Amino acid sequence: MKFFEYTDEKTLVQELKRPTYDHSKIEKIVQPILDKVKRGGDQAVRKFALEYDHVELDDLWVDQDMLIRAEDEVKIELKDAIKQAKKNITKFHKAQHQEPLEMEVMKGVNCARRSIPIQKVGLYIPGGTAPLFSTVLMLGVPAQLAGCKEIILATPTNKYGEVNPVVLYTANLLGIHKILKVGGAQAIAAMAYGTETATKVDKIFGPGNQYVTAAKQIVSRDTVAIDMPAGPSEVMVVADETTNPDFAAMDLLSQAEHGVDSQAILVSKSRKSILAIEASVNRLVEELPRKAIAKKALEASISVLVKSDDELVKTVNVYGPEHLIFNTEDADSYVDRVVNAGSVFIGPYTPESMGDYASGTNHTLPTNGWANAYSGVSLDSFMKKITYQKITKEGIKALGPVVEHMAEAEQLEAHKQAVTLRLQSLKK
């Protein structure tokens, strides 16, 4: 990890720059895939599955027998763990439900707002270096709770054309049965444009590599909504001299093992703590099966030494981490000062892993600095808000003249007359 000592905000911004990649180069690869799937439908999807995943698919969809058989391939301990995670995620997301808002804002002027489920959604589940069955829970549970009428799940297969059985088991547990056996930009295209067998969805959710991310951003410009802009995963760990170095080190490594473009940031007022945690990182990384990936990610990771709480909080909010862990003696004292973060983990016994899997919060979070404007996925992500108004004769008499004056000032005569004609009709 690189070391940086806080001097000023301008230098901090420069030092905390995330790893970048050539967007234009990636879009030049992704755009033709999207175009060909849009024109060629299922046949184009099969072609790209063969070209990029090296698998020949007779059927693009998982059959129901395969869904049922998957349960026998998952260990009972894991099934129990998934059920407990589902219970917690359901409980937390169900509590996010909002009752319709209805009110009379003035006599005869009634306004309302109601939550309506997005009708058709697509869930992308990565399956490259690791099949993320936990993401099935994080996206599938709120989609079901929201009442989305059609849910399509897309995920890549192995070289034999098989979807990971734990992904299938989790999807079946949630009642999701439309599973597209395709990954990458071609999967995003199939859900965004529709094919002979795939329904065009209204919104696409889920993380993915740089090609999936680029595909989501391109299709969002003209055909479908997406959950949020995204980039490589990231964590910021705040530590002090009371922090167990191994705890903090493993939290940093938990992020680094995601992918070579992941980033882990360590922040502390204590140089001694930073040195101890870095020593633990260097020792513990050698024990990881994915140590080559983690080591590469650590090359772009940073330790930041700050002199005060103000500098510490400034560092947090300037970076705006996807995951923020306060592993300090006074962890709670910082929380209210955080304005930019995807999800916050408080105290020594709250590793990021808990939120990633089973605490109940959602792990689909804004990355790449987007935490300054975006929230993580929630029940609301699968809903849209429609407003309503109903105005009585008494209401238009009271409020109509206000609208007439405003419309006239904006030189929108038809807007004014729409009110004036009604007011005149009430005088007869």
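The legends below describe an overall view and several close-up views of one predicted protein model.

**Figure 1. Overall view of the protein chain.** Residues are numbered from 1 along each chain as its sequence is written, and side-chain values use heavy atoms, with hydrogens and water left out. Because the model is predicted, local features need pLDDT of at least 70 and side-chain atom pairs count only at pLDDT 80 or more, whereas totals for chains, interfaces and linings use all residues. The protein chain has 16 helices and 14 strands, where helices (H or I, at least four residues) and strands (E, at least two) are DSSP runs numbered from the N terminus. Along the principal axes, its C-alpha atoms fill a box of roughly 90 × 60 × 45 Å. Of the 428 residues, 48% are buried; buried means under 20% relative accessible area, exposed over 50%, and partly exposed in between, with a 1.4 Å probe and protein chains only. Among contacts (heavy atoms within 4.5 Å) between residues at least 6 apart in sequence, 75% join residues at least 24 apart.

**Figure 2. Close-up of helix 8 and its surroundings.** Helix 8 spans residues 210–219 and is largely enclosed by the rest of the structure, because seven of its ten residues are buried. Those buried residues are V212, T213, A214, A215, K216, I218 and V219, and they pack against helix 2 (23–53), strand 4 (120–124), helix 7 (184–193), strand 7 (203–205) and strand 8 (225–226). At the start of the helix, a side-chain oxygen of N209 comes to within 3.0 Å of the backbone nitrogen of Y211, a polar contact, that is, a pair of N or O atoms within 3.5 Å in which, within protein, one must be able to donate a hydrogen and the other to accept it, and residues adjacent in sequence count only if both atoms are side-chain atoms.

Figure 3. Q186 lies in helix 7 and is buried, with a relative accessible area of 3%. Its side chain reaches the backbone oxygen of G183 at 3.2 Å. Leaving aside residues up to four places away in sequence, Q186 touches I33, V37, V45, F48, A49, Y52 and D53.

Figure 4. Not counting residues up to four places away in sequence, E150 touches Q119, K120, V121, K178 and T199.

Figure 5. On a 1 Å grid over the protein atoms alone, a cavity is a set of points where a 1.4 Å probe fits but cannot get out, a pocket is an open set with protein on both sides within 12 Å along at least five of seven lines, and lining residues have an atom within 4 Å of a point. The count comes to one cavity of 30 Å³ or more, and about 40 Å³ of space lies in the largest cavity. Its lining is formed by R18, P19, P232, S233, E234, D261, Q263 and N368, which divide into two nonpolar, three polar and three charged residues.

**Figure 6. Close-up of the second largest pocket.** This pocket has a volume of about 160 Å³ and is lined by 13 residues, of which P19, T20, Y21, H23 and N368 lie nearest its centre. The lining divides into five nonpolar, six polar and two charged residues.

How values were computed. Points joined across faces, edges and corners; volume = space filled by probe spheres on them. Nonpolar A, V, L, I, M, F, W, Y, C, P; charged D, E, K, R; others polar.
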